[in-house]
Amino acid sequence: MNSIALEAARKSVEIETAGVARLRAALDGELGEALGKAIATIRAARGKVIVSGMGKSGHIGRKVAATLASTGTPAFFLHPAEASHGDLGMVTQDDVVLAFSWSGETAELADLIEYAKRFAIPLIAAASRRDSALGRAADILLELPLVEEACPNGLAPTTSTTIQLVLGDALAVALIEDRGFSAQDFRQFHPG
């Protein structure tokens, strides 16, 4: 690998590490309080966690849903475009919606947001802007700190998706601890 490319790789790791450090610091303030409310809301729900997001945030949402489901919190990923074409029927009033959107302005989430509001389904949002459509609609906003993207053009989601993923893992681990999910329980969901 040439030295310029290697230096770019190092810088990327440094920028993303700094983003995770900002996320960690935010947990000592409003984000930590909101995460506590999200944990309580998910624990109180009789149904599943419906995770959604579009684009790269959707890829993160798929991983978060899989982690939740495999660690004792029933969850599945609902693609927001599919939700608008009939898959909203998968969502019940016993569920909780967890929506990921960096900007909070993802148009494809609008129907899912409106559905959650209409049927009083708790909406937890992970977004970087409180004043966004998703931020304003959320019952609980997990407001992500603004971070520098590692992409040299500042365009490709890099640091922003890293902190979304770390937040999703933190939520899953907190729920594991809160519910006392054991290695034996984990084995039940992983027979393979």
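Before I look up the size, a reminder to myself: the radius of gyration here is taken over C-alpha atoms, and the globule rule is 2.2 Å times the number of residues to the power 0.38. I also note that this is a predicted model.

**Entry 1: overall build**

I ran the size check to begin with. For 192 residues the rule puts a compact globule near 16 Å, and the protein chain has 17 Å, so the two agree. I then took the extent of the C-alpha trace, which spans about 55 × 40 × 35 Å along its principal axes.

Next I listed the secondary structure and got 8 helices and 5 strands. Reading from the N terminus, I wrote down the order α-α-β-α-β-α-β-α-β-α-β-α-α.

**Entry 2: inside and surface**

How much of the protein chain is buried? I found that buried residues make up 42% of the 192 residues. I also looked at contacts with a separation of 6 or more: residues 24 or more positions apart account for 70% of them.

**Entry 3: salt bridges**

How many salt bridges are there? My cut-off is a side-chain nitrogen of Lys or Arg within 4 Å of a carboxyl oxygen of Asp or Glu, and the count comes to 11.

I started with aspartate 178 and arginine 43, where the closest N and O atoms are 2.7 Å apart. Aspartate 178 lies in helix H7 (residues 159-179) and arginine 43 in helix H2 (residues 30-44), so this pair ties together parts 135 residues apart in sequence.

Then I took glutamate 105 with arginine 129, whose closest N and O atoms are 3.7 Å apart. Glutamate 105 is in the loop between strand E3 (96-100) and helix H5 (110-118), while arginine 129 is in the loop between strand E4 (123-127) and helix H6 (133-137), so the pair ties together parts 24 residues apart in sequence. I logged glutamate 105 as partly exposed at 39% relative accessibility; arginine 129 is partly exposed with 32%.

My last pair was arginine 130 and glutamate 143, with a salt bridge of 2.9 Å, N to O. Arginine 130 sits in the loop between E4 and H6 and glutamate 143 in strand E5 (residues 140-143), so parts 13 residues apart in sequence are tied together here. I read 42% relative accessibility for arginine 130, which is partly exposed, and 26% for glutamate 143, also partly exposed.

Which residues are linked in a network with this pair? I traced the network of salt bridges and found Glu30 linked with Arg130 and Glu143.

**Entry 4: a valine in H7**

I went back to helix H7 for valine 173, which is found there. Its relative accessible area is 48%, so I put valine 173 down as partly exposed. Where is threonine 67 relative to valine 173? I get 9.2 Å in space, C-alpha to C-alpha, for two residues that are 106 residues apart in sequence.

Definitions and conventions:
Residues are numbered from 1 along each chain as its sequence is written. This is a predicted model: local features need pLDDT of at least 70, side-chain atom pairs count only at pLDDT 80 or more; totals for chains, interfaces and linings use all residues. Side-chain values use heavy atoms; hydrogens and water are left out. Helices (H or I, at least four residues) and strands (E, at least two) are DSSP runs, numbered from the N terminus. Buried means under 20% relative accessible area, exposed over 50%, partly exposed in between (1.4 Å probe, protein chains only). Contact means heavy atoms within 4.5 Å.
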